[in-house]
Amino acid sequence: LMAFFDAELGGIRRSGLWRLNIADGEQGRGYGRFAVESVAAEIRRRGGTRLAVSWVPGENSPEAFYLKLGFRLTGEVDDGELVGELQL
């Protein structure tokens with residue numbers, strides 16, 4: 001897990017997930033959800049109201065995982081990655 005807090009990205013101050021990697025054999029056990037919830041809690045603690053993440057679309061994309069957690073696409077594309085946000 002790599003996260004960022006109150007960073008300026010594309011002229012917008014954001015906090016969120018930089019990278020989240022869960023080994024294939026460990027996926028589906030709640031580790032990813034726990035990681036996202038932990039970062040969300042830290043963003044809230046710092047006074048933030050949104051958690052951002054981006055992903056590469058296509059096969060093996062984590063898009064379904066993030067959408068299931070409540071992330072919504074912003075319509076932005078950053079370096080070929082779709083940007084999603086979760087309202088906290």
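1. Trp18 has a relative accessible area of 44% in this predicted model, and because that value falls between the 20% and 50% limits, Trp18 is classed as partly exposed. Phe4, its ring partner, stands at 11% relative accessibility and therefore counts as buried, being under 20%.

2. How far apart are the ring centres of Phe4 and Trp18, and at what angle do their planes lie? The centres are 5.4 Å apart and the planes stand at 90 degrees, and because an angle over 60 degrees is counted as edge-to-face, that is how the pair is described.

3. A search of the whole structure for aromatic pairs returns 4 of them. As to grouping, Trp55, Phe65, Tyr66 and Phe71 form one aromatic cluster. A further ring, that of Phe5, has Arg46 lying over its face, at 4.2 Å from the ring centre.

4. The largest nonpolar core has 14 residues, and those touching the most other members are Leu17, Val36, Leu51, Val53, Tyr66 and Phe71. Helix H1 (31–45) and strand S3 each supply at least two residues of this core, and H1 gives the most to it, with 5 residues.

5. Val53 deserves a separate look. Once its neighbours within four places in sequence are left aside, Val53 is in contact with Leu17, Tyr66, Phe71, Leu82, Val83 and Gly84. Among these partners, Leu17, Tyr66 and Phe71 are also named with Val53 as residues of the core that touch the most other members.

6. Is Glu59 buried or exposed? With a relative accessibility of 75%, which is over the 50% limit, Glu59 counts as exposed. Its place is in the loop between strand S3 (50–55) and helix H2 (63–68). From Gly28, Glu59 is separated by 31 residues in sequence and, C-alpha to C-alpha, by 17 Å in space.

7. On annotation, an unreviewed UniProt entry carries the label "domain: N-acetyltransferase" for residues 1–88. In the model this span is 24% helix and 41% strand, and its end C-alpha atoms lie 19 Å apart.

Notes:
Residues numbered from 1 in each chain as written. Predicted model: local features only at pLDDT ≥ 70, side-chain atom pairs only at ≥ 80, totals over all residues. Heavy atoms only, no water. Phe/Tyr/Trp six-rings, centres within 6.5 Å; stacked < 30°, edge-to-face > 60°. Buried < 20%, exposed > 50% of the residue type's maximum accessible area, 1.4 Å probe, protein only. Lys NZ or Arg CZ within 6 Å of the ring centre and 35° of its normal. Helix = DSSP H or I, 4+ residues; strand = E, 2+ residues; numbered from the N terminus. Core = buried A, V, L, I, M, F, W, Y, C linked by side-chain atoms within 4.5 Å. Contact = heavy atoms within 4.5 Å. UniProt positions renumbered as here; feature names shortened; annotations may be inferred.
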